[in-house]
Amino acid sequence: MPKLPAPPLPKSLQPRPKRPGENGNGAVRPVEAAQEAGITVVDWIDERTSLSGGIRWLLFRKVPKGINWFYTLGSATMFAFLNQAVTGVFLAMFYRPDAAGGAYESVRYITDDAFLGQLVRAMHKWGASVMIILIFLHMARVFFFGAYKYPRELTWIIGVVLLILTLAMGFTGYLLPFDQRSYWATIVGVNINGTGPFIGPYLSDFLRAGPEFGATTLSRFYAIHMMLIPGLIAALIGAHLYLITKLGISAPPWIKAQEDPGLRESQV
Amino acid sequence: MPGTFDGETVTRRRFMTAVTHSAGGVAAMAFTLPALGFAIGPLFSREPFDWQPIGPTSDFTEQTYVTRVLTIVQGIGEAGNSIAYVRKRDPAIDTEPEDQYNHFVALSSRCMHLGCPVRFVSAAQRFICPCHGGVYDFRGMVAGGPPVRPLDRFYTRVTSAGMVELGPRYSVNSELHRFSPRDPGQPLDGVGQYLYPKRFDTSILPQS
Ligand code: HEM
Ligand code: FES
């Protein structure tokens, strides 16, 4: 669509290019300094860290022809994780891992009484399912596009670990509301772990902190859920993204490598 | 060796590398090992148990089960409770050898599929699990569904005052041989007892 020409402005209103130190002595005027404050801060940091190179490396890469919406599933999973991290931190401000009734009561308080508590808890609870769904969709995308092949095997392997950790988040988080469903689901889940031959019985004991579901089982699950696994997931997402940037995203399988016509002529 | 003085077998550089690596290793171990030991400590600490009185012998008959709630973990309210189904031993059906610990039969309500609480349904004379359809007969033997072994039992004893007391839990295989308590889902017939070894933290009956 052709652009309409702008109406001519009277000379006095036309913007004129700024000249530094217009007041004569070469000093930067306060107005100019204020206008450039953002750039100055960014420059100050970049001069000392060279971060802009890294950001350009990460965000302004070339991507192959033909990539499509399915390639956003990994980022979608990452945003689901960030949602869990943020809402989780704030839930932790109200939650009490007390098996004698305090845990249930604190979750009841979050849901019924705390301002926006119900919303934040719902975001965390539904977000957990969303993250699981997205991670499987992302994995399916990678699988069906054959994107796990050389040289991206390590990206896939890190992805498998991320998948297991994400499922472990679901398992450990399920106990925290400490209602009947949480309790019995955890009993069943821990016993499923126990059916692994040889190490199963000891794995169950580790998860429960003893032979029976006990006073510290809940705090153990809580610590694993809010500190151990999120830290590992964040670190591994970093490694995952490093490899993706380093190797470049793969082209969809239906895009054929383009022959260089010049090359072909010279070969004839 | 290049870069060495006469007679030197380890270069300074290599020596310093080794020292730095060892120092780093020692420093890392200094916090990982205690933390790890702390986390897995509960696997090795055996809790003492108390005999819990559950009522005079006259409370229990051969014909039906009486429900008793017992506390297996202190201080966490209902989550620390467990249920025992108790009846008097009936020589007509209880074929396992009698000793001082089974004049009364006390079955644990823990389903041996994956641990849900079973309920005794007197009309059916069976224990039924709400989770995945496990069914046990009157003696607690598997009658159907996914459970892998009969219901666990508790040692019982009768005091001189005629009071029935419950001791620690134990597991049984399909011939009612006793084993130290295993978790649900772990069969004890055949190779099962070797695949699922006993643990170091379960209460045991003191040798008397
Ligand atoms: C916390 C979970 C995960 C996050 C945040 C995540 C994030 C990402 C992102 C942002 C990408 C960029 C391309 C795209 O979005 O498709 C990607 C690519 C990739 N992911 Fe994941 N991912 C996760 C889990 C997984 C899992 C479970 C697998 C497989 C087992 C996997 C394997 C891969 C592979 C092989 C690539 C490279 C694809 C290509 O180069 O075309 N990821 N991931
Ligand atoms: S826990 Fe009883 S049948 Fe599954």
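1. One disulfide is counted over all chains. This is a predicted model, and the pair in question is B:Cys116 with B:Cys131, with an S to S distance of 1.9 Å. The torsion about the S-S bond is about -85°, so the disulfide is left-handed.

2. The cut-off for buried is under 20%.

3. Two further cysteines of chain B deserve a look. B:Cys111 is buried, at a relative accessible area of 2%. B:Cys129 is buried as well, at 6%.

4. Now the helices of chain A. Helix H7 (residues 153-175) packs with helix H8 (residues 180-194) at an angle of about 140°, and their axes are 8 Å apart. That angle makes H7(A) oblique to H8(A). The reason lies in the cut-off: roughly antiparallel requires an angle over 145 degrees.

5. Which residues make this helix contact? From H7(A) come A:Phe171, A:Tyr174 and A:Leu175. From H8(A) come A:Arg181, A:Ser182, A:Tyr183, A:Ala185, A:Thr186, A:Gly189, A:Val190 and A:Asn193. By class, the contact residues divide into six nonpolar, four polar and one charged.

6. Salt bridges come next. Side chains of opposite charge can pair when their charged atoms come close. The count is 20 salt bridges over all chains.

7. B:Glu96 pairs with B:Arg139, and their closest N and O atoms are 3.3 Å apart. B:Glu96 lies in the loop between strand E3 (81-88) and E4 of chain B. B:Arg139 lies in the loop between E7 and strand E8 (142-144) of chain B. The pair therefore ties together parts that are 43 residues apart in sequence. B:Glu96 is buried, at 8% relative accessibility. B:Arg139 also counts as buried, at 17%.

8. B:Glu96 and B:Arg139 also belong to a network of salt bridges.

9. B:Glu165 forms a salt bridge with B:Arg157, with the closest N and O atoms 2.8 Å apart. B:Glu165 is buried, with a relative accessible area of 11%. B:Arg157, at 32% relative accessibility, counts as partly exposed.

10. Where do the partners B:Asp183 and B:Arg199 lie? Their side chains meet in a salt bridge of 3.5 Å, N to O. B:Asp183 is in the loop between strand E11 (178-179) and helix H2 (192-195) of chain B. B:Arg199 is in the segment after H2 of chain B, so the pair ties together parts that are 16 residues apart in sequence. B:Asp183 is buried, with a relative accessible area of 1%. B:Arg199 is buried too, at 2%.

Conventions
Residues numbered from 1 in each chain as written. Chains lettered and ligands numbered in written order. Predicted model: local features only at pLDDT ≥ 70, side-chain atom pairs only at ≥ 80, totals over all residues. Heavy atoms only, no water. Disulfide = S-S within 2.5 Å. Buried < 20%, exposed > 50% of the residue type's maximum accessible area, 1.4 Å probe, protein only. Axes fitted to C-alpha atoms, helices over the stretch in contact; angles between N-to-C directions. Helix = DSSP H or I, 4+ residues; strand = E, 2+ residues; numbered from the N terminus. Parallel < 35°, antiparallel > 145°, perpendicular 65-115°, else oblique. Contact = heavy atoms within 4.5 Å. Nonpolar A, V, L, I, M, F, W, Y, C, P; charged D, E, K, R; others polar. Salt bridge = Lys/Arg side-chain N within 4 Å of Asp/Glu carboxyl O.
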